[in-house]
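Here is a short tour to read alongside your model. Take it section by section, with the 3D view open beside you.

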Amino acid sequence: MTTHQSHREPLDDIDRRIVAELSRDGRLSVRTLAERVHVSRTAAHNRLQALQRRGVISGFGAQIDRKAIGLEISALVVVRVGDVPWEQIVDQLATLPFVEKVQAVSGDIDIILTVSAPDHEQLSQAILRDIHDMPGVVSTRSHLILAEIEGRPPAQSLDIWRS
């Protein structure tokens, strides 16, 4: 989990362009990145390292197609918890099989999970057995994901993304 810093050093236009380019393609070479943001390779390299040190760029990873690896069905699972420290239950939920993402939210629910499984039976078992029966879970509500369309990361909207 990343730590939240209440006061961050603002990003200049070059840093924002670097972040935007990397959010489109995290595998860009420093040379290509430098060409795209119109700075020298040394400047691009130094800025990239500074963005990583500051926690603006927290890592690089592959985007995986769930269905290509056999996870044919996904659901959003809304979870209400009882008298249990949320940090404890969030950590436990994150370790369960098929749980991709755990988000603590505000409002009349406590947690939203993204759960993907190979088939309906395994998804049902994950929700009813693993999640719903976990100590501290009061109730769950499941919503099958029928379609998923990617939006644009904040960094790609340079006209509205400002410090």
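Which handedness does the crossing of α1 and α2 have? The crossing is right-handed, a term used when the near helix is turned clockwise from the far one by less than a right angle, with anticlockwise giving left-handed. Before going further, please note that this is a predicted model, in which local features need pLDDT of at least 70, side-chain atom pairs count only at pLDDT 80 or more, and totals for chains, interfaces and linings use all residues. Residues are numbered from 1 along each chain as its sequence is written, and side-chain values use heavy atoms, leaving out hydrogens and water.

Helix α1 covers residues 13-24 and helix α2 residues 30-37; helices (H or I, at least four residues) and strands (E, at least two) are DSSP runs numbered from the N terminus. Their axes come within 10 Å and cross at roughly 125 degrees. Axes here are lines fitted to C-alpha atoms, for helices over the stretch in contact, and angles run from 0 to 180 degrees between N-to-C directions. The two helices are therefore oblique to each other, the class left over once angles under 35 degrees (roughly parallel), over 145 (roughly antiparallel) and 65 to 115 (roughly perpendicular) are set aside.

On the α1 side, Arg-17, Ile-18, Glu-21 and Leu-22 meet Leu-33, Arg-36 and Val-37 of α2, where contact means heavy atoms within 4.5 Å. By class, this contact has 4 nonpolar, no polar and 3 charged residues. Nonpolar means Ala, Val, Leu, Ile, Met, Phe, Trp, Tyr, Cys and Pro; charged means Asp, Glu, Lys and Arg; the others, Gly among them, are polar.

## The sheet

Now to the strands. An open sheet of 4 strands runs in the order β2-β3-β1-β4, with antiparallel pairing; two strands pair if DSSP finds at least two bridges between them. β2 and β4 (137-144) stand at the edges with a single partner strand each, so one side of each is left without a neighbour in the sheet. From one strand to the next, the twist averages 20 degrees. Helix α4 packs on the sheet, touching β1, β2, β3 and β4, and its direction makes about 165 degrees with that of β2.

Strands β2 (residues 99-104) and β3 (residues 111-117) are joined by 5 bridges. Val-102 stands opposite Leu-113, and Gln-103 faces Ile-112. These strands form a hairpin with 6 residues between them, and Gly-107 in the turn has a positive phi of about 100 degrees.

## A buried serine

Ser-74 is found in strand β1 (residues 73-81). Is Ser-74 buried or exposed? Ser-74 counts as buried, at 9% relative accessibility (buried is under 20% relative accessible area, exposed over 50%, partly exposed in between, with a 1.4 Å probe and protein chains only). Not counting residues up to four places away in sequence, Ser-74 touches Arg-66, Val-115, Ser-116, His-143, Leu-144 and Ile-145.

Most residues other than glycine have a negative phi. His-38, in the loop between α2 and α3 (41-53), has a positive phi of about 65 degrees and is exposed at 69% relative accessibility. Phe-98, in the loop between α4 (86-94) and β2, has a positive phi of about 75 degrees and is partly exposed at 28%.
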